[in-house]
Amino acid sequence: MSSKQSVVVIGNGMVGHKFLQALADAGVAAQLAITVFCEEPRVAYDRVHLTEFFNGRSAHDLSLVEEGFYASHNIRVLLGDKAVALDRDAKTVTSSNGETLAYDKLVLATGSFPFVPPIPGHDRDNCFVYRTIEDLEAIRAGAAGGSVGVVIGGGLLGLEAAKALKDLGLTTHVVEFAPRLMAVQVDDGGGAVLRKKIEDLGVFVHTGKNTQNIGAGDKHFHKMTFADGSEIETDVLLFSAGIRPQDALARKFGLDVGERGGIVINDNCQTSDPDIYAIGECALWGGRIYGLVAPGYKMAQVAAEHISGGNNNSFTGADMSTKLKLMGVDVASIGDAHGNTPDCRAYTYIDGSDEIYKKIVVDKTGKRLLGAVLIGDATDYGNLLQLALNNIPLPEFPDALILPQRDGSGVSGLGVSALPDSAQICSCNDVSKGALCTAIADGATTLGELKSCTKAGTSCGGCNALVAQVLNAELEKMGLEVSTDICEHFPYSRQELYHLVRVEEIKTFYDLLDKHGAGRGCDICKPAVASILASCWNDYVLEPKHAGLQDTNDRYLGNMQKNGTYSIVPRIAGGEITPDKLIVLGAVAKKYQLYTKITGGQRIDLFGARLEQLPEIWQELIDAGFETGHAYGKALRTVKSCVGSTWCRYGQQDSVALALEVEHRYKGLRSPHKIKSAVSGCTRECAEAQSKDFGIIATEKGWNLYVCGNGGMKPRHADLFATDLDKQTLIKYVDRFLMFYVRTADRLQRTSTWLNNMEGGLDYLREVVIEDSLGICAQLEAEMAQIVGTYQCEWKTTIENPEKLKMFRPFVNSDKGDSNIIFVEERGQIRPAQKLEIINAGADKSATPKKEQVPA
Amino acid sequence: MTDLSEKPGTPADCATWVQVCRVTDIPFDAGIAALINENTPQETQIALFRTLDSDTVYAISNFDPFSEANVLGRGILCSIGEQLAVASPVLKQHFSLTTGQCFEDADVSITTYPVKVSDGTVFVDTSATTLEAK
Ligand code: SRM
Ligand SMILES: Cc1cc2nc3c(=O)[nH]c(=O)nc-3n(C[C@H](O)[C@H](O)[C@H](O)COP(=O)(O)OP(=O)(O)OC[C@H]3O[C@@H](n4cnc5c(N)ncnc54)[C@H](O)[C@@H]3O)c2cc1C
Ligand code: SF4
Ligand code: FES
């Protein structure tokens with residue numbers, strides 16, 4: 001009797017080995033005397049990828065056991081020795097080689113065996129199963145002689161086996177008892193698509209066939225006869241009619257087993273005998289057998305921890321979602337694929353031509369994903385699975401999750417970024433998003449490194465896409481920290497470029513490129529530098545030397561829409577507008593048939609203007625006293641207001657008047673990102689000033705200034721910066737604050753992220769802006785004064801300049817309009833036609849809506 | 001027309017050169033759209049670009065396959081390594097000016113057209129469009 005506690009493991013398959021690994025990883029292997037009975041002639045190998053044995057992967061390649069692993073943890077492995085008897089009172093195990101071992105803890109990891117239906121003739125030669133390397137060797141030998149192969153069973157494994165037979169050069173048939181393939185995982189619709197795809201691969205599928213007899217064939221070795229009288233002749237016959245838990249020992253020696261088999265275990269993976277554990281496919285938890293490797297791995301982990309005295313881990317069931325490539329066809333099934341949940345709703349997408357079938361099952365509120373079936377294209381698997389597992393609220397229209405993404409929009413927002421750190425990315429190896437992020441932060445910056453150090457993606461591989469997504473997302477985040485170079489053309493950050501431009505008084509992008517850059521610039525550095533130049537010198541943005549640098553929105557002074565038309569947003573400072581001006585907007589919108597919408601910024605947006613219409617439309621607006629709203633620019637957007645003391649019974653100050661003053665002061669200021677502001681007349685905050693880059697709220701004594709708020713993608717409440725300011729001081733602080741932001745922020749960095757990344761944070765910002773700790777405030781004010789002094793309405797300048805107007809011609813050599821821009825009517829207004837509508841309209845041009853007849 | 005800067009790879013025989021505009025009509029270091037084979041079944045929108053250093057001109061399709069809008073002429077000119085490209089103004093994918101290949105998606109590329117400039121006038125070989133139309 002050794003002093004060490006003795007642990008005996010029966011079964012050295014995938015889960016049995018995982019159990020030993022877990023003990024080793026926990027560092028307890030040394031304190032234990034561990035022995036393993038391994039019925040098979042070789043140590044654990046990757047059964048999941050068994051089929052690759054036919055594609056040249058040797059038994060050695062498939063092995064899961066690293067060279068010398070067992071020796072180094074002095075684990076004794078008895079190869080080819082099968083446990084045949086237990087004595088639970090004496091606590092011993094006896095093996096087929098007559099070895100008898102005492103145990104303190106016994107672990108059954110005996111897996112399962114293939115079920116062979118008792119059809120007459122099932123035991124003839126050349127009848128095989130598909131579970132071990134020996135099975136595959138036998139199949140290969142059997143196939144060598146023949147030309148036809150039949151697989152009985154059209155489930156997951158059956159189809160995988162069928163592929164194997166096909167690869168062995170046999171004419172292959174799949175015979176399924178149920179009316180569809182993969183009856184367990186997929187529904188009828190999915191089964192049909194799957195069937196078609198598999199038949200396209202040259203495999204014959206026979207569903208609803210009940211095999212009654214297997215006898216000698218005339219042309220081939222076997223003749224199978226079916227209940228409907230039909231027959232098939234074949235040389236090789238492969239049974240894949242499901243698996244049964246290997247619970248023989250447990251039955252024989254009085255452990256509780258389920259009536260349909262399986263060794264009953266509790267949450268610690270203990271059987272009815274607390275010193276005996278069962279893990280993997282032989283175990284029955286909650287009346288369920290888990291025929292996948294991931295749950296088995298979890299059990300191995302739990303049992304190992306429990307045996308080493310741990311008690312905080314437990315097995316509480318597992319998700320049975322699967323994704324695999326069967327004969328090159330992606331197949332995935334998640335959760336309640338059959339929609340069995342009471343009053344759940346299902347959305348189905350079928351692409352007949354590509355034979356893609358996608359179905360999602362959502363709860364009755366349409367807010368939670370319950371299940372999904374994906375055939376032919378399983379790229380959404382990762383995201384969908386995470387949505388289901390983490391109960392993430394679905395978008396307003398859940399079908400968007402499976403519909404092909406027509407425009408750029410789509411649902412990427414629901415990608416990895418939407419996941420909590422706790423989200424389990426790799427279920428096989430129980431790796432969370434948080435764990436991946438930590439590993440990446442610790443330097444695992446390639447997929448390979450990440451996988452080897454976290455084990456994520458190393459088993460079924462179903463999570464690989466997601467692991468990659470997490471990696472990329474993290475790298476992107478880091479990228480901003482690691483290299484601050486704005487792009488390949490300038491080895492400088494935006495802030496450094498800003499200083500170069502200021503200090504060396506550089507006036508054009510091309511001078512900057514000559515002096516400090518390389519190449520010819522790109523869509524990153526050109527707009528960024530254009531913005532810097534504008535912040536510093538405030539030239540007209542469409543000067544020939546600047547025009548080509550501008551992002552298209554700036555270049556044509558409007559926001560480009562998905563169909564290449566533009567929107568028009570005149571400035572409506574503070575959201576205050578006279579009835580006459582409101583009427584002008586209506587008249588213009590009506591004349592040019594522009595889609596009209598009240599924006600979230602207290603102004604009015606007119607959508608759908610063609611490039612060539614922009615000048616004439618702006619002409620009319622400017623004649624009526626409007627000016628550009630810079631909705632297209634990384635510049636001051638809106639200063640929202642509430643009615644304030646003028647009307648509101650609670651109002652403390654005239655918030656509208658201040659909003660107007662502020663908006664007119666900073667309009668046209670080009671900045672690293674857009675700037676938004678708001679002024680509220682009292683603490684009730686109807687203007688939402690605390691969600692703005694700088695917000696102002698009236699007090700009894702004056703104004704409170706809030707800074708660095710943000711709505712949008714990552715909302716942030718603004719911080720209270722200074723209180724009870726008089727107007728003059730308020731403006732002074734805002735001047736300094738904005739100019740300091742313009743100087744030091746990164747490209748496309750809102751004030752909120754700018755502050756979050758600022759060393760010293762809010763206090764430092766106060767020192768700079770209020771106490772002038774850097775002694776730059778005079779300069780900042782002067783720079784702002786210069787911007788304010790040189791403001792021009794870009795649209796006014798543009799329409800007064802015939803040269804510039806050329807830019808708005810649809811074609812350099814023709815006045816014809818873009819015939820591809822087509823609108824249809826919706827709720828009494830226009831909207832861009834969708835692809836189908838365009839095709840139809842194209843077929844019959846006269847059907848092309850009114851837009852064509854607009855006075856030019 | 002011997003002084004023509006013939007673009008390599010142009011099958012001169014089947015080429016059909018049409019005059020489009022003056023080089024100076026194309027904004028400096030930027031692009032503009034042009035319509036060729038106007039009012040014929042092969043009517044096609046192309047985008048012309050003029051580089052900053054020389055007066056070399058490039059012509060590609062104006063159609064952005066991602067947004068399915070005719071906007072490439074309004075994109076920003078880029079150099080990616082040694083290659084010249086334009087960034088779609090809608091979703092920012094990049095297309096090579098010389099091969100039409102999309103940088104973000106190996107499966108996507110757009111038509112490019114041979115260009116030559118003869119004393120300040122831009123000519124485009126439209127045979128590619130007629131071939132397409134066939
Ligand atoms: C029209 C409007 C939606 C509406 O119908 O109300 C709108 C429309 C657009 N928004 Fe917005 N945003 C509009 C109010 C807002 C608001 C609400 C507000 O301003 O009070 C927000 C959240 C507040 C904020 O920004 O902090 C908002 C957050 C965004 C964001 C996310 C910014 C962020 O920091 O996360 C973007 C993307 C960006 O700017 O990079 C964006 C970008 C856009 C763009 C410009 C996207 C684009 O480049 O095409 C949209 C096109 C405008 C167009 O074509 O005219 N829009 N957008 C609103 C115009 C306001 C205006 O009068 O100028
Ligand atoms: C072809 C194929 C493809 C698969 N594909 C997937 C997939 O894509 N995804 C997935 O999650 N799962 C897949 N599986 C299932 C997966 O392989 C099993 O879930 C996993 O192997 C279960 O591990 P286990 O250790 O419980 O059982 P096993 O791996 O079967 O190991 C049990 C071992 O115990 C031995 N044993 C039994 N009784 C005794 C005894 N009395 N004495 C000594 N030894 C004994 C057996 O010989 C066997 O070696 C696939 C299975 C097959 C066959
Ligand atoms: S914020 Fe105060 S003053 Fe302004 S409208 Fe609301 S309640 Fe009235
Ligand atoms: S989920 Fe199976 S390997 Fe990650």
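Which residues do ring pairs link into a cluster? In this predicted model, the cluster is made up of Y556(A), Y566(A), W618(A), W795(A) and F808(A), joined through ring pairs. Over all chains, the count comes to 17 aromatic pairs.

Take Y556(A) and F808(A) to begin with. Y556(A) has a relative accessibility of 3%, so it counts as buried. F808(A) is buried too, its relative accessible area being 2%.

Then there are the two tryptophans of the cluster, W618(A) and W795(A). Their ring centres lie 5.5 Å apart and their planes are at 15°, so this pair is stacked. Here again distant parts of the chain are linked, this time from helix to helix: W618(A) is in helix 19 (residues 614–623) of chain A and W795(A) in helix 25 (residues 794–799) of chain A, 177 residues apart. Both tryptophans, W618(A) and W795(A), are buried.

Rings also turn up with charged partners. R502(A) lies over the face of W537(A), 5.6 Å from the ring centre. In a lysine version of this arrangement, K581(A) has its charged end over the ring of F626(A), at 4.9 Å from the centre of that ring.

Terms used
Residues numbered from 1 in each chain as written. Chains lettered and ligands numbered in written order. Predicted model: local features only at pLDDT ≥ 70, side-chain atom pairs only at ≥ 80, totals over all residues. Heavy atoms only, no water. Phe/Tyr/Trp six-rings, centres within 6.5 Å; stacked < 30°, edge-to-face > 60°. Buried < 20%, exposed > 50% of the residue type's maximum accessible area, 1.4 Å probe, protein only. Helix = DSSP H or I, 4+ residues; strand = E, 2+ residues; numbered from the N terminus. Lys NZ or Arg CZ within 6 Å of the ring centre and 35° of its normal.
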